[in-house]
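Student: I have not seen this structure before. Could we go through it one question at a time?

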Amino acid sequence: MAVYTLNGSESLGIEFGSTRIKAVLIDENFNPIATGSHNWENKLIDGIWTYSLDDVWSGLQDAYANLNSDVYKKFGVKITRLNSIGFSAMMHGYLPFDSSGNPLTEFRTWRNTMTSDASKELTALFKFNIPQRWSIAHLYQAVINNEPHINSISFLTTLAGYVHWHLSGEKVLGIGEASGMFPINSEANNYDAEMMKAFDILLAERNIPWKLNEILPKVLPAGEKAGFLTQEGARLIDPTGTLKPGAVLCPPEGDAGTGMVATNSVRVKTGNVSAGTSIFSMIVLDKLLSKVYEEIDMVTTPTGKPVAMVHCNNCCTDLDCWISLFIQFSDMAGVKLKKSQIYDMLYHAALEGDKSCGGIVSFNYFSGEPVTKLSGGRPLLVRNEKCNFNLSNFIRAQIYSAMASLKIGMDILKNEKVDIDTLMGHGGLFKTKYVGQKLMAGAMDTPVAVMETAGEGGAWGAAILAKYTADAVNQPLEDYLDERVFSKYKSTVEEPDRDDVRGFEEYMQLYKKAIAVEETAVKTI
């Protein structure tokens with residue numbers, strides 16, 4: 001039996017990611033001591049990417065049950081009390097409710113690209129980029145479309161806010177997550193008041209019976225208490241009744257915010273890149289950008305500092321599909337290899353390929369990609385008859401494809417003279433040691449670091465935010481992370497290889513030309 005004894009001082013972080021719900025339990029020293037997870041997938045129903053709200057709760061309960069099994073295996077007991085809990089989830093999206101708490105539409109996720117008209121009109125009105133996936137874009141598009149539910153909206157939130165609301169009774173959001181609903185004024189640490197007034201004028205012109213501040217969650221910065229786990233909430237997590245209520249809850253955050261915490265990237269001039277189902281970079285700014293860019297989202301850290309975010313809807317999904325073919329072939333050949341072994345072999349094979357992939361271009365678009373201004377996606381492999389078509393180049397092209405859209409946005413920040421020393425990498429693309437890190441450093445022409453804790457991800461970040469709230473220390477989050485959490489963890493840094501940099505630039509030249517092919521595929525297939 002392990003030396004550690006559960007005593008109720010533990011903090012729990014739960015993150016609702018795009019493909020997995022993960023729970024991480026940490027001790028008083030921030031060490032992960034148990035984990036549990038539940039796999040789930042979004043579904044395309046009537047042209048809308050969504051998850052069933054029933055699956056939210058069954059998935060949460062399964063992830064927690066698996067966590068509890070891990071706890072029992074290690075410590076011989078089950079969790080009865082927790083000191084604090086933090087919830088996070090995929091950012092943005094649209095979850096409107098009526099005055100009785102009933103959902104008015106299906107959950108419309110960040111992956112949807114059906115709010116182009118609203119996005120363009122609001123960006124022009126606010127002089128501030130409003131991406132298609134933001135909650136306010138979904139809301140206004142529903143207004144433009146005269147959807148029947150609009151007049152009945154009493155509360156609008158995100159997935160993280162929805163889960164937190166049902167477990168605590170509090171209609172709140174962490175400021176980082178709130179910045180994906182509506183623009184934030186970082187000086188006031190609240191929604192931008194002037195922009196809200198401008199939006200309310202649009203609502204009044206259409207005789208909408210509510211104002212925006214009446215339906216949005218309250219904004220809270222990291223460290224603020226955001227309620228407590230209720231009896232009903234405890235039963236939603238653990239239907240067995242073993243978990244008792246009372247744990248303090250931190251403000252619910254988006255996966256971007258908890259990713260920043262998990263990589264210690266909340267201080268000015270730090271940045272991280274998260275590469276999983278989607279890929280995005282978060283760069284904490286020391287000054288605002290010179291103008292509005294459609295490719296750059298202005299969000300905030302969990303404490304409200306301005307962040308330039310390059311968010312791309314597509315990353316590893318198509319790569320995973322190709323890898324699954326090799327797994328099937330391995331099984332057919334009677335060679336029983338673990339999935340991780342096949343990933344590692346193919347990733348390392350990519351290092352043997354031509355630096356520019358030998359003339360192979362891949363588009364990993366399962367959904368639309370606003371950065372390249374595509375409303376839909378079709379996974380696509382393009383090559384001419386003279387390309388150097390081999391396994392190493394093929395796999396390298398798949399990995400490059402996962403980074404290509406991000407590169408377009410990051411080049412804008414480079415032109416803006418945004419200063420960043422190192423990108424902290426985390427997510428599935430970095431699971432195979434060294435390979436994704438090396439290729440990302442070359443692609444972005446920036447040093448890329450990966451911490452030894454990178455595998456714990458946003459759920460660990462949510463647990464850290466929960467403990468930060470419970471500790472109630474008079475210390476900025478940046479200092480708290482530096483001094484209490486990350487002082488004991490190591491990271492490895494890969495400097496950009498100049499040949500990789502030049503090779504990726506060649507790949508991008510061909511990639512940009514081939515966008516026209518992807519556009520045609522979207523229209524015709």
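**Strands, a helix and some loops**

Student: In the hairpin of β17 and β18, which residue takes a positive phi?
Tutor: This hairpin has 5 residues between the strands. Strands here are DSSP runs of E of at least two residues, helices are runs of H or I of at least four, and both are numbered from the N terminus. The residue with a positive phi, near 105°, is Gly304.

Student: What kind of model is this?
Tutor: Residues are numbered from 1 along each chain as its sequence is written, and side-chain values use heavy atoms, without hydrogens and water. Local features need pLDDT of at least 70 and side-chain atom pairs pLDDT 80 or more, while totals for chains, interfaces and linings use all residues, because the model is predicted.

Student: Which residue of β18 is the bridge partner of Met298?
Tutor: Strands β17 (residues 297-300) and β18 (residues 306-312) pair in the antiparallel sense over 4 bridges; pairing requires at least two DSSP bridges. In β17, Asp297 and Val299 point one way, Met298 and Thr300 point the other way, and all are buried (under 20% relative accessible area; exposed is over 50%, partly exposed in between, with a 1.4 Å probe and protein chains only). Across in β18, Met298 has as its bridge partner Ala308.

Student: How far apart are the end C-alpha atoms of helix α11?
Tutor: Helix α11 covers residues 391-415, which makes 25 residues. The expected span is 1.5 Å times one less than the number of residues, so α11 should span 36 Å. In agreement with this, its end C-alpha atoms are separated by 35 Å.

Student: What is the relative accessible area of Asp46?
Tutor: Asp46 lies in the loop between β4 (43-45) and β5 (48-50). Most residues other than glycine have a negative phi. Asp46, which is not a glycine, has a positive phi of about 50°. It counts as exposed because its relative accessible area is 79%.

Student: Is Asp445 buried or partly exposed?
Tutor: Asp445 sits in the loop between α12 (435-444) and β22 (448-451). Its phi is positive, about 55°, although it is not a glycine. With a relative accessible area of 26%, Asp445 is partly exposed.
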